[in-house]
Amino acid sequence: MFNMKIAIIGTGNVGGSLARIFTRKGHTVTIANSSNSPALHELAKEIGATPATVQDVAQGADIVILSIPTKRMVDLPKEFLQTIAPGAIVIDTSNYYPLHRDGAIEPIEKGMPESRWVEQQIKHSVIKAFSATNWYNLTEEIQSGLSRRLALPVSGDDPAAKAIVSQLVTEAGFDPVDAGGLDESWRLQPGSPAYCTNLSVEEMHVALSQATNERKPDSSGIRDSEEELQKAQEMQVAFFQAFDNAIQVLVESNQGTEAAVTKGIVDQFMSGRNPGDILAHVFEHKRLD
């Protein structure tokens, strides 16, 4: 693929990893986050990207990648896409987490695909990609230890744009799978069989076909009462805080990098063991068995 000008808004685990990938692949990358923090400038210097403000990051960009929490889409400057290159593509990597992060967004709760809602907020079409894999799979460290390339679904309404994004997915080390139009992108949302399950291309096609457009309780901000909702929120917030703390404990105990220990914990979760028992073991022994 020829050199493209890629703007990335959000430099957390996903946005930061994509910035590393695409600078390494020779693209011109500009990055921004909401705080314009020293860490943003340090990352830019480290990987050879250009730091910018959210207002200016997309200027002349061929690709704009949104890697911010779903609820933060409404905070983006209203005119931040006005200076993009003609025909520029916007990629939405976000996922909606109503209980521990985003709060309930009514249209999404009523069935609107998450990325369709994002389109409405930014007033520009999007391609949904890089959203259905755990962030550590975007790192060289973890990819180098995989026995096979993982499949990654790509959803969108413009076939030409989707083809370009699929090439970027390939550059990032994955096998792209066409997941249909954006109205079908619920097939790769959190809680679906395709979401963060490390599948081959064939397995991904099956998972997408098995998805149902029914939001599971863990992915919904709607409950029968405010009391029940508050309890669900508190439980999920507590779990993710414990998860993050366990990662920190393992890193500080020299059990591996953040990517490696996060993968280790998630692998334990996927093995069927009780997540609470796994985290309790980490806090007690400062290791994973």
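This is a predicted model: local features need pLDDT of at least 70, side-chain atom pairs count only at pLDDT 80 or more; totals for chains, interfaces and linings use all residues.
Reader: Which way do the residues of β5 point?

Author: Ile 89 and Ile 91 point one way from the strand, while Val 90 and Asp 92 point the other way.

Reader: Which residues have the most contacts inside the largest nonpolar core?

Author: Ile 6, Phe 22, Ile 31, Ile 91 and Phe 130, in a core of 31 residues. Several elements give two or more residues to this core, among them β1, α1, β4 and β5. There's also a second, separate core of 26 residues, which includes Ala 7, Ala 52, Val 54 and Val 118.

Reader: What does Phe 130 touch, then?

Author: Leaving out residues up to four places away in sequence, Phe 130 touches several residues, including Val 14, Phe 22, Ile 91 and Leu 152.

Reader: New topic, helices. How many residues of α5 are buried?

Author: Seven of the nine residues of α5 (residues 114–122) are, so this helix is largely enclosed by the rest of the structure. The buried ones include Glu 114, Arg 116, Trp 117 and Val 118.

Reader: What covers them?

Author: The cover includes β4, β5, α4 and β6. And just after α5, Lys 123 takes a positive phi of about 60°.

Reader: What about α8, which residues are buried there?

Author: Met 204, Ala 207 and Leu 208 are the buried residues of α8 (residues 201–210). They sit on the same side of the helix, because they cover an arc of only 100° around the axis. On the other side, Glu 202, Ser 209 and Gln 210 are exposed.

Reader: What do the buried ones pack against?

Author: They pack against β7 and β8.

Reader: Okay, now Gln 268. Buried or exposed?

Author: Gln 268 counts as buried, because its relative accessibility is 15% and the buried cut-off is under 20%. You'll find Gln 268 in helix α10 (residues 258–270). Setting aside neighbours within four places in sequence, its contacts are Arg 273, Ile 278, Leu 288 and Asp 289.

Reader: How do α10 and α11 cross?

Author: Their axes come within 9 Å and cross at roughly 145°, and the crossing is right-handed. On the α10 side, Ile 265, Gln 268 and Phe 269 meet Pro 275, Ile 278 and Leu 279 in α11.

Reader: Last one: is Glu 252 buried or exposed?

Author: Exposed, because its relative accessibility is 58% and exposed means over 50%. Glu 252 belongs to helix α9 (residues 226–252). The C-alpha atoms of Glu 252 and Lys 286 are separated by 8.9 Å, though these residues are 34 residues apart along the chain.

Methods: Residues are numbered from 1 along each chain as its sequence is written. Side-chain values use heavy atoms; hydrogens and water are left out. Helices (H or I, at least four residues) and strands (E, at least two) are DSSP runs, numbered from the N terminus. Buried means under 20% relative accessible area, exposed over 50%, partly exposed in between (1.4 Å probe, protein chains only). Contact means heavy atoms within 4.5 Å. A nonpolar core is a set of buried Ala, Val, Leu, Ile, Met, Phe, Trp, Tyr and Cys residues joined through side-chain atoms within 4.5 Å. The arc is that of the directions from the helix axis to the C-beta atoms. Axes are lines fitted to C-alpha atoms, for helices over the stretch in contact, and angles run from 0 to 180 degrees between N-to-C directions. A crossing is left-handed if the near helix is turned anticlockwise from the far one by less than a right angle, and right-handed if clockwise.
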